[in-house]
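Hello,

I am passing this structure on to you. The findings follow below it.

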Amino acid sequence: MSIVYDEQRRIFHLQAHDTSYVMEIVKDGFLAHRYYGKKISEYTGASRYPDFSRAFSPNPDPTDPAFSLDTLLQEYPAFGMSDFRSPAYQIQAAGGWTVSELKYRSHRISKGKPPLEGLPATYVEREDEAETLEIELEDAVLGLCAVLRYTVFEGFDAITRNVQFYNLSDTAIRLQRALSMSVDFPCADFRMMHLEGAWARERHVVTRQLVPGIQSIESRRGASSHQHNPFVALLGDAADEHHGDVYGFSLVYSGNFLAQVEVDQFSTARLSMGINPFDFSWLLEPGESFQTPEVVMVHSSHGLGEMSRTFHRLYRSRLMRGAWRDKPRPILINNWEATYFQFTADKIERLAKAAAEVGIELFVLDDGWFGKRDDDTTSLGDWFVDKTKLPNGLADLAERVNRLGLSFGLWFEPEMISRDSELYRAHPDWCLHVPGYRRSEGRNQLVLDLTRPEVCDYIVKVVSDVLCSAPIHYVKWDMNRHMTEVGSAALPPDRQRETAHRYMLGLYRIMEEITSKFPHVLFESCSGGGGRFDPGILHFMPQTWTSDDTDAVERLKIQYGTSMVYPPIAMGCHVSSVPNHQTGRVTPLETRGDVAMFGNFGYELDLTSLSADELDAIRLQIEKYKGLRSLVQFGNFYRLRSPFAGDDAAWMYVSEDRGEAFVGYYRVLDRPGDRVRILRLAGLDSHRRYKIVETGWIHGGDELMHAGLTMPYLHGDFRSCTFRLQGL
Ligand code: DGJ
């Protein structure tokens with residue numbers, strides 16, 4: 001890892017583990033992009049994109065007609081000063097005009113990585129783990145300064161970027177667009193990969209060839225969303241899971257975002273990412289600054305799999321924080337699908353007793369324990385225990401669960417307010433709304449206005465009071481609707497378009513305060529399943545409920561897609577009952593276990609209604625997972641067969657020392673006369689032999705990876721099998 005500035009040639013060369021990123025200051029201060037890809041020892045300009053004078057591409061320097069900003073590969077392009085492609089930022093000056101031009105002023109290279117003001121980000125624990133380059137650009141006419149920050153990490157092929165704007169003038173400047181990064185590739189021979197979905201169908205993998213024009217994904221929902229994840233990858237010509245050049249871009253942010261690639265008239269590709277400029281603006285008063293979220297860029301020259309493993313390792317160790325970061329996560333049971341809103345303390349105790357008997361470690365009481373919440377029409381905001389359901393309160397219930405040998409966890413949805421609540425009756429203006437217009441409800445609820453400090457303080461207080469009132473060791477933090485009528489009664493007219501971003505800043509402040517106050521509590525985020533599964537939230541809460549869809553077949557795709565960016569330890573994966581509550585599908589208990597076991601394992605069903613045989617099978621699943629837990633939660637993940645490509649899927653974990661592995665193979669539909677399936681494994685040590693624990697067979701690592709392993713014939717639909725490998 002290093003960052004070197006060649007003063008004579010005015011070239012910055014950032015080197016990550018096996019990645020180079022090169023920029024050059026050209027002319028009187030334009031910052032040009034020169035190279036991003038596999039590490040090179042020195043950049044001498046062999047691949048330099050030439051200066052081109054093309055028709056209809058103006059020239060900023062009349063003495064040099066070959067130089068045009070419209071053809072220059074750039075780092076942080078401006079609007080309106082002769083580059084016609086999408087800008088990285090746009091301002092509105094006090095005079096009303098919207099053009100600007102940032103030129104190099106100075107730079108600084110330092111050890112370590114500074115935190116971002118008010119925003120989640122990757123971090124270092126020691127100064128020698130990373131180096132940071134800050135390039136200061138200035139628009140001297142406007143009095144605007146932008147500091148572009150780049151950090152390279154030791155041991156990772158990751159470079160992070162963010163931008164901070166400073167208003168150095170004596171008038172206000174409005175930021176209309178302030179993306180976190182932009183990078184120009186000299187060609188557009190890429191496929192773009194991203195993760196699309198819907199509620200209960202999150203993060204399905206989509207890949208498409210880049211074509212001329214803009215291709216983008218975005219969220220305008222006030223959350224990173226089920227619909228599109230703040231992640232995009234570019235796959236080079238021949239790239240696939242195991243081979244080829246792949247560039248992954250992941251935004252550490254939980255709100256409205258934009259990720260776009262513009263293929264221009266000359267077939268260059270500009271990728272940019274950041275807060276969605278749609279309905280955004282930010283008024284920068286003199287002396288103020290604005291910090292954009294961070295983008296993590298990962299380059300892999302060995303396909304998507306290696307890109308994902310880099311994200312996994314980085315996010316597991318230098319994005320997530322807190323006491324739970326490196327600790328094995330407990331196997332939990334959640335009562336939601338077992339009882340929904342209809343439970344009593346005795347019923348919960350019976351469920352917990354059955355859970356204790358099969359070896360489960362944590363009981364989570366879901367929605368319905370507070371206010372008068374017997375359905376989803378009421379009580380959000382009233383975080384006081386419902387004494388009709390729990391007459392002796394939460395502490396008593398938690399202690400009863402503890403006495404059975406399980407720790408106790410609790411569900412909250414702190415960002416929301418029901419119209420039918422004490423809180424709403426007391427503070428009808430505490431929700432997002434616009435005067436005179438309807439307040440649209442989603443799941444019968446409104447969104448609290450987290451731009452208001454008093455609302456944030458209220459949430460910190462009520463959640464803290466509950467957490468102090470009982471031995472609670474886990475919190476599920478839910479969020480079940482998206483934003484509408486985005487306006488704040490507390491903001492002046494010229495700042496209304498700041499509402500959605502200020503909400504995120506408020507949310508991050510709340511999460512920071514609560515998680516630091518209760519460091520022993522394991523927090524799991526949720527948004528109607530995986531509607532806010534993003535790196536921003538993972539910084540505060542080291543696991544996320546992956547999806548409300550627990551059907552084993554659907555989960556193959558959801559978990560496969562999620563694993564593109566997010567480490568399996570972060571993915572809540574539960575076995576639920578059949579017929580599945582979302583799809584109605586009936587899958588074998590074994591398959592449900594074999595799918596869920598490849599993430600952060602748990603259960604979500606009524607154990608008291610199962611047969612003795614089913615309970616025995618669950619006891620064995622739990623025993624098995626406990627034996628594999630550290631491999632699954634801290635091992636390296638390899639995708640072997642995509643559920644998007646056919647009717648089977650496979651993946652595996654390999655321990656850091658490659659001495660142990662765990663393989664899952666899944667067949668969706670049975671077919672008479674089917675072909676033989678041979679699975680090539682990955683990540684093993686080619687010079688080592690491995691014993692398959694289930695069969696006792698011994699094979700070489702190279703043979704398993706290149707010749708492969710014959711899968712057993714699985715009769716019937718929705719079947720699976722798993723194997724453990726032990727290195728000899
Ligand atoms: C949505 C979550 O995804 C579910 O798991 C459950 O907690 C419900 N909300 C409760 O209302």
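**Cysteines**

The sulfur of Cys 721 lies 19 Å from the closest cysteine sulfur, that of Cys 573, which is too far for a bond. A disulfide here is a pair of cysteine sulfur atoms within 2.5 Å, and by this rule the count is zero. Cys 721 is buried, at a relative accessible area of 10%, whereas Cys 187 is partly exposed at 31%. (Buried means under 20% relative accessible area, exposed over 50%, and partly exposed in between, with a 1.4 Å probe and protein chains only.)

The model is predicted: local features need pLDDT of at least 70 and side-chain atom pairs pLDDT 80 or more, while totals for chains, interfaces and linings use all residues. Residues are numbered from 1 along each chain as its sequence is written, and side-chain values use heavy atoms, without hydrogens and water.

**Helix α3**

Helices (H or I, at least four residues) and strands (E, at least two) are DSSP runs numbered from the N terminus. Among the buried residues of α3 are Ile 348, Leu 351 and Val 358. The buried residues of α3 pack against elements including α2 (336-339) and α11 (612-634), where contact means heavy atoms within 4.5 Å. Just after α3, Gly 359 has a positive phi of about 105°.

**An open sheet**

Four strands, in the order β1-β2-β3-β4, form an open antiparallel sheet; strands pair if DSSP finds at least two bridges between them. Its edge strands are β1 (2-6) and β4 (30-38). Five bridges join β1 to β2 (residues 11-15), and Val 4 stands opposite His 13 in β2.

Regards
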